[in-house]
There are 2 protein chains.
Amino acid sequence: MDTTMWIHNPRTAKMREIVADKDAFGDVRVIHSMCGFRASEYFLQNDIRVKPDLDALGVLGDVGWYCIRSILWAVDYELPETVIAQGHPVKNQAGVILACGATLYWADGKTATFNCSFLTNLAFDVTIYGTNGTLHVTDLVIPYEEKSAEFSLASKSTFVKPTIGWDPIPSKHIVTTDLPQEALMVKEFSRLVQNIRDAGGRPEGKWPAITRKTQVVLDAVKASIDKGSEPIEVAG
Amino acid sequence: MDTTMWIHNPRTAKMREIVADKDAFGDVRVIHSMCGFRASEYFLQNDIRVKPDLDALGVLGDVGWYCIRSILWAVDYELPETVIAQGHPVKNQAGVILACGATLYWADGKTATFNCSFLTNLAFDVTIYGTNGTLHVTDLVIPYEEKSAEFSLASKSTFVKPTIGWDPIPSKHIVTTDLPQEALMVKEFSRLVQNIRDAGGRPEGKWPAITRKTQVVLDAVKASIDKGSEPIEVAG
């Protein structure tokens, strides 16, 4: 189990339930994600995430991980066929990536794009566009507040004729949590351990599978960056 | 002057003013735009926008125009150097584009991605990520309501330590208008005509220049689609 904390927020489960609703949301067609923060000069000089011999994946391995996970989460972990990195990633003098992006392609025509950056204002956005619905979340990874988190949802939107507004307008949804997402993550980890230690269970496959898929896509993006934006097939 | 109505909404000018603020917003680094609507079966069979001998640019010429214009507007109409279309655009049987996307690259490292679609729920999103600020608008082209329109803005966002929230959280801005954006557009057109007819003025260059730049980028995206996602240089 990796430490992707936001996946344990109850908001995440609620959003996934909505996206999976074939009537209200339809089929996912397009996903956009952007995760970034404005790293300090100290960070850019000293953090392990900018050192080639420490965390050599740079921003891609840090917040790019969340972009890729959020995209896979949105499509219920169906791997894309191909990824193509955007050209001209920003790298530091040691060659570590500070900002980059990519497009992901699925066999059925779904596409997703993401950008990640150490050089922009704080952003943790994911928007999912379905045939019937649209879901916006702008604080996915760390919610604006610890005990409640929002997202907005539009379903079967049309224009008020003669094109003077929308009906319905997107609705705001708020999901509360007594425990912070990080505590819920530790609780889940404890459950997994207890199941083995106290109940004679075997390791569960769900979390390792999700972690591996995220890494597989991340590695494909890195390979595409290294090969000057060549398309890279994602090896399932 | 083209009939891009949203450019005449007072919200648009207010947002542009904020994005141009070097302290509050910094330099634009990344832009995402998605414009789409779920076309009816009747539309997909009969509308001029799906007929190769009528409006052959399909969704790219319809709502893709707004994506491209919004991106150019966000960067004060500085043309990108290169565009690369996403692979696998959706086309109808006559070869007209129903859904597509592209990435735009500027000389200074700014990038923008957009998607446009006749096959998703209604969406008119633009998000602009700067070094100091982030601006979200989710109803750019036709605001949710006619007389007032919103956007959200975050500037110099940091985490509340120990990473339990954001400070400041994004703020909502509301811009009201007595006249709908379409009426303001006609008013501007009348002003341009009157300036020539009644005041002996010469045609103003501002609107034709913006229109032409939008078309130049749109043509480059179309050329990249036609050439299987080859990079196309944007001819200024």
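This report covers the interface of chain B and chain A, and an annotated span of chain A, in a predicted model.

## Annotated span in chain A

An unreviewed UniProt entry places the feature "domain: GFO/IDH/MocA-like oxidoreductase" at residues 13-135 of chain A. In the model, this span is 24% helix and 39% strand. Its end C-alpha atoms lie 13 Å apart.

## Extent of the interface

Chain B and chain A bury about 4000 Å² between them. Carbon and sulfur atoms account for 59% of that area. Each chain brings 49 residues to the contact.

In chain B, three residues lose the most area to chain A: B:Asn121, B:Tyr144 and B:Trp166. Together they make up 19% of what the side of chain B buries.

## Contacts across the interface

The rule finds zero salt bridges between chain B and chain A. Polar contacts are present: 26 residue pairs qualify, with both residues at pLDDT 80 or more.

## What chain B supplies

Several strands of chain B each supply at least two residues to the side that touches chain A. They are β1 (28-38), β4 (97-105), β5 (111-117), β6 (119-130), β7 (133-137), β8 (148-155), β9 (158-160) and β10 (165-167). β6(B) gives the most, with ten residues.

By residue class, the side of chain B that touches chain A holds 17 nonpolar, 24 polar and eight charged residues.

Technical notes
Residues numbered from 1 in each chain as written. Chains lettered and ligands numbered in written order. Predicted model: local features only at pLDDT ≥ 70, side-chain atom pairs only at ≥ 80, totals over all residues. Heavy atoms only, no water. UniProt positions renumbered as here; feature names shortened; annotations may be inferred. Helix = DSSP H or I, 4+ residues; strand = E, 2+ residues; numbered from the N terminus. Contact = heavy atoms within 4.5 Å. Buried area = accessible area lost by both parts, 1.4 Å probe. Salt bridge = Lys/Arg side-chain N within 4 Å of Asp/Glu carboxyl O. Polar contact = N/O pair within 3.5 Å; in protein donor to acceptor, adjacent residues only side chain to side chain. Nonpolar A, V, L, I, M, F, W, Y, C, P; charged D, E, K, R; others polar.
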